[in-house]
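Here's a quick briefing to read alongside the model. Have the sequence and the 3D view open, and we'll go through it topic by topic.

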Amino acid sequence: MTINQLSIFLENKKGTLLQVLQILKEAKVQIIASAIADTVDYGILRIICNNPKEAYQVLKDNGIAVALTDVFAIALANKVGEAAEVTSIFAKADISITYLYSFLMNGKGILIFRTDNAEEAAKVIESNKLTSFSESELESL
């Protein structure tokens, strides 16, 4: 029910993002979604892609600090307030969301999020009949 996300640690200096993107391009990795969170000295680039395990290895082999993390990818209706509705389901179940980001793909809203309680989150997804995606399902949307 979870998918793999790459979390890549980047120094906040010119060219580091480009270096990572070039490595992934050469490895023919298709980026499906990405988000960057930054601080003064570094940023964290989070990527959902078509082959996260291969991408992880390629980045490691090139000396890039990267981690593979389990996250959820949930379908959202493409309407105002849908993200609030879905996240309220987890809040009512007392499940904290560590971070999230969302995007539209072919008219479908996708909410990517991480929680420290994946087992309970999976139960909430199932009991509320939320649609979750695998990497291959996201790639084929």
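A polar atom in the side chain of Thr16 sits 3.1 Å from the backbone oxygen of Lys13. Thr16 itself belongs to helix α1, which covers residues 16-26. Keep in mind that this is a predicted model, with a mean pLDDT of 93 for the protein chain.

- Is Thr16 buried or exposed? Thr16 counts as buried, because its relative accessibility of 14% falls under the 20% cut-off.
- Leaving aside residues up to four places away in sequence, Thr16 touches Leu10 and Glu11.

- In the protein chain, 99% of residues reach a pLDDT of 70 or more.
- Confidence is highest in helix α2 (residues 52-61), with a mean of 97.
- Helix α5 (residues 135-140) is where confidence is lowest, at a mean of 79.

- Six strands make up an open sheet with antiparallel pairing, in the order β2-β3-β1-β4-β6-β5.
- Which strands stand at the edges? They are β2 (31-38) and β5 (97-105); each has a single partner strand, so one side of each is left without a neighbour in the sheet.
- On average, neighbouring strands of this sheet are turned by 30° against each other, ignoring direction.
- Strands β1 (residues 3-11) and β4 (residues 66-76) run antiparallel and are joined by six bridges.
- If you want a landmark on that pairing, look at Ser7, which stands opposite Ala67 in β4.

- How many bridges link β5 and β6? The two strands pair over eight bridges, in the antiparallel sense.
- β5 and β6 form a hairpin with two residues between them.
- Asn106, in the turn, has a positive phi of about 50°.
- Helix α3 (residues 82-92) lies across β4, β5 and β6 (108-115). Relative to β4, α3 runs at about 110°.

**Gln5, a polar residue in β1**

- Gln5 has its place in strand β1.
- Gln5 counts as buried because its relative accessibility is 0%.
- What does the Gln5 side chain make a polar contact with? The partner is the side chain of Tyr101, at 2.8 Å.

**Asn50, in a loop**

- Where does Asn50 lie? Look in the loop between β3 (42-49) and α2.
- Asn50 is partly exposed, with a relative accessible area of 23%.
- The Asn50 side chain reaches the backbone nitrogen of Gln30 at 2.9 Å.
- Residues up to four places away in sequence aside, Asn50 touches Lys28, Val29, Gln30, Ile32 and Glu139.
- Asn50 and Ile36 are 14 residues apart along the chain, and their C-alpha atoms are separated by 19 Å.

Note on methods: Residues numbered from 1 in each chain as written. Predicted model: local features only at pLDDT ≥ 70, side-chain atom pairs only at ≥ 80, totals over all residues. Heavy atoms only, no water. pLDDT = per-residue confidence, 0-100. Helix = DSSP H or I, 4+ residues; strand = E, 2+ residues; numbered from the N terminus. Pairing = 2+ DSSP bridges. Axes fitted to C-alpha atoms, helices over the stretch in contact; angles between N-to-C directions. Contact = heavy atoms within 4.5 Å. Buried < 20%, exposed > 50% of the residue type's maximum accessible area, 1.4 Å probe, protein only. Polar contact = N/O pair within 3.5 Å; in protein donor to acceptor, adjacent residues only side chain to side chain.
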